[in-house]
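Visitor: I would like to take a close look at a single part of this protein and go through it slowly.

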Amino acid sequence: MSERTRESLPIRIIKMTVKIIGLVLVFGTTLFFLWRAFISTIVPKEVDGLAPNANLYAAWKAAEKEGEELTYFMQDQNKTTTAEHNYSYFTAHEVAFLEDANQIQVLFRYNNATIRSLVKDYELPEIPDRTTDLYDVTLYVAYDLTPDDVTDNDGNDPDSVRFVRYYPTATQSATSLMYNYRRLTFDGIDMNVTDNPVLAVYVDVYYVEDIDYEKDSYGTLCIYDYATKKEYCTLTKDEAEALRNFQ
């Protein structure tokens with residue numbers, strides 16, 4: 001073996017080692033971010049699934065008595081705010097319309113970047129604790145006062161559309177690596193009222209230190225409109241078990 005070959009062998013080993021380390025770093029970093037993205041999408045168990053309460057329990061028992069399953073519906077709506085001033089701030093991650101219980105449950109979600117945007121938008125002196133309640137979340141429901149006339153359903157005429165605001169009757173909170181969750185329960189909303197049918201349901205979001213319902217909201221999401229198809233679902237095994245153990 002020549003002197004040149006003997007001298008180049010350590011160099012080749014060093015180059016190979018550097019290459020292997022580089023590949024490990026690249027693949028390791030990629031796997032880390034994939035894992036981080038996957039973990040961040042998992043809904044925490046504290047807010048995963050319908051939250052039982054007395055109204056939902058009564059509806060479930062009534063359905064069980066009739067030998068039927070309690071169902072709820074969802075709609076395919078835009079889940080995330082898209083306006084320029086609040087792009088991707090807020091998400092209605094899951095929405096369940098429980099007609100038999102006159103109840104709507106919303107899994108409201110926002111990420112840590114939204115909190116940083118809040119600091120910028122309101123010129124706050126510091127970043128608030130992510131576990132605090134930073135947002136006032138209500139439902140704004142549009143009722144049709146003239147159901148025989150479909151030409152005036154745009155909500156611009158107070159004589160044709162009436163708006164009612166509903167406040168959450170229960171809230172559960174949780175956080176994950178990137179996201180902050182609030183499961184909000186709204187009771188007393190009859191989605192099948194016939195005299196003045198529901199035209200639309202909106203989620204309105206206000207910063208808790210700037211609640212003025214006469215002003216435009218910080219973020220709004222339409223979670224229901226009368227012209228969109230309803231997709232019906234049944235309770236999961238865990239949701240039924242939670243109701244069974246409620247009382």
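Visitor: Which are the buried residues of α2?

Guide: This is a predicted model, in which local features need pLDDT of at least 70 and side-chain atom pairs count only at pLDDT 80 or more, while totals for chains, interfaces and linings use all residues. Residues are numbered from 1 along each chain as its sequence is written, and side-chain values use heavy atoms, with hydrogens and water left out.

The buried residues of α2 are Leu56, Tyr57, Ala59, Trp60 and Ala63, where buried means under 20% relative accessible area, exposed over 50% and partly exposed in between, with a 1.4 Å probe and protein chains only. Seen down the axis of α2, these buried residues fall within an arc of 165°, so they line one face of the helix; the arc is that of the directions from the helix axis to the C-beta atoms. An α-helix has 3.6 residues a turn, so residues three or four places apart point the same way.

Helix α2 itself covers residues 54-65, and its twelve residues should span 16 Å at 1.5 Å a residue, which agrees with its end C-alpha atoms being 16 Å apart. The expected span is 1.5 Å times one less than the number of residues, and helices (H or I, at least four residues) and strands (E, at least two) are DSSP runs, numbered from the N terminus.

As for their surroundings, the buried residues of α2 pack against β2, β3 and α4, contact meaning heavy atoms within 4.5 Å. Strand β2 holds Thr91, which counts as buried at 8% relative accessibility. Among the residues that Thr91 touches are Leu107, Phe108 and Arg109.
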